[in-house]
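Open your viewer and keep the selection panel at hand. This tour goes stop by stop.

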Amino acid sequence: MSMMYADAIAEVYDLVYQGKGKDYAAEAAELEALVRARRPHARTLLDVACGTGLHLRHLAGLFDDVGGIELAPDMLSIAQQRNPGAALHLGDMRTFDLGHRYDVITCMFSSVGHLTTTAELDATLARFAAHLSPGGVAIVEPWWFPETFTPGYVGASLVEVDGRTISRVSHSVREGGATRIIVHYLVASPDGGIRHFDESHLITLFERSDYERAFARAGFATEYLTPGPSGRGLFVGVHP
C-alpha cells in the first residue's frame, strides 16, 4: 500500500466510525471504570495499537499520563497531531520495549486479531506484562471467536461531514482460521470529485481459550466480560 493511499484511508477512518455511532468518550469512561475497580489509583496508561488516537484523546482526561504504540505510520501521524502531549511510539505489539512500566495497558478495536498465531499472541501478552507495574491492569478487546463470527456479514455506512460524503461497504468471509474482510470506500467532495479506495484485512479467529492461555502464561489473573464496546467482549487481566 502506497503512503498516499494509506493516508487517504486514515483520513476517512475516524469519520466513518464516528458516523456509525462509535462513542470514543463513552468507551474511555468504561475503560476507566474497569481499571478503577481493580486499581483505584492508576495514573499511567499505554494504549497499544492506538490507531489515530481518539481513545487516547479521551483517556488523557481520565489518567495523568498516557502514551501509545502504533505500527502504521499514517495512523501514528494523526494520533500525534491529535495528542501533542502524549508520548507516542512507532512499534509492534509483539516486540516493543519502551523501558518503562505503566499502571494500565489497553488494546482496543480488536487489534490483536491482526496477530496470526498463538505464539504471537503469547509474545504480545508477555510484552504487556513486561510493561506493567505490580498490580497493573491490561484490557484487550478481542476479535470474534470462531463460533461467534457471522460468515458473509455485510457492513455499510454513509456519512456526510465537512462537505464530504463517505460511503463504506464491507463483506466478511471465513478463510481458514481467519476472517477475510474486503472494504470499499467512496469519498465525494465538491472540489475532489469522487475517489475510490479499497482494502483487505485478514483477522485471526482465535478461540476464547487461546486468549485465556496467553494471559495465564504471562502471569495474569483474567476475566472475560461481555458485551464490551463492540459486542465482542473484553479481556481484563491483573498482573501481580
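Which residue in β5 stands opposite Val 104? Select Val 104 and look across: the residue there is Val 137.

Before moving on, some ground rules. The model is predicted, so local features need pLDDT of at least 70 and side-chain atom pairs count only at pLDDT 80 or more, while totals for chains, interfaces and linings use all residues. Residues are numbered from 1 along each chain as its sequence is written, and side-chain values use heavy atoms, with hydrogens and water left out. Helices (H or I, at least four residues) and strands (E, at least two) are DSSP runs, numbered from the N terminus.

**Stop 1**

Select β4 (residues 102–107) and β5 (residues 132–140). They run parallel and are joined by five bridges. Two strands count as paired if DSSP finds at least two bridges between them.

Now widen the selection. β4 and β5 belong to an open sheet of seven strands, ordered β3-β2-β1-β4-β5-β11-β10, with mixed pairing. At the edges stand β3 (87–90) and β10 (221–225); each has a single partner strand, so one side of each lacks a neighbour in the sheet. Neighbouring strands here are turned by 15° against each other on average, direction ignored. The axes behind such angles are lines fitted to C-alpha atoms (for helices, over the stretch in contact), and angles run from 0 to 180 degrees between N-to-C directions.

**Stop 2: past β11**

Pro 240 counts as exposed, at 70% relative accessibility. The classes are buried (under 20% relative accessible area), exposed (over 50%) and partly exposed in between, with a 1.4 Å probe and protein chains only. Pro 240 and Gly 219 are 21 residues apart in sequence, yet 7.4 Å apart in space, C-alpha to C-alpha.

**Stop 3: the four-stranded sheet**

Next, select β6 to β9. They form an open sheet in the order β6-β7-β8-β9, with antiparallel pairing. β6 (154–161) and β9 (193–204) are the edge strands, each with a single partner, so one side of each is left without a neighbour in the sheet. The twist averages 15° from one strand to the next.

Zoom in on β6 and β7 (residues 164–175), an antiparallel pair with eight bridges. Val 159 stands opposite Ile 166 in β7. The hairpin has two residues between the strands, and Asp 162 takes a positive phi near 50°.

Then move to β8 (residues 178–189) and β9, antiparallel over twelve bridges. Here Ile 181 stands opposite His 201 in β9.

**Stop 4: helix α2**

Select residues 24–38. This is α2, with 15 residues and a reach of 22 Å from first C-alpha to last, close to the 21 Å expected at 1.5 Å a residue. That expected span is 1.5 Å times one less than the number of residues.

Colour its buried residues: Tyr 24, Glu 27, Ala 28, Leu 31, Glu 32, Leu 34 and Val 35. They cover an arc of only 165° around the axis, which puts them on the same side of α2. The arc is that of the directions from the helix axis to the C-beta atoms.

**Stop 5: two cysteines**

Finish with Cys 50 and Cys 107. Cys 50 is buried at 7% relative accessible area, and Cys 107 is buried at 0%. Their sulfurs are 10 Å apart, too far for a bond. A disulfide is a pair of cysteine sulfur atoms within 2.5 Å, and by this rule the count is zero.
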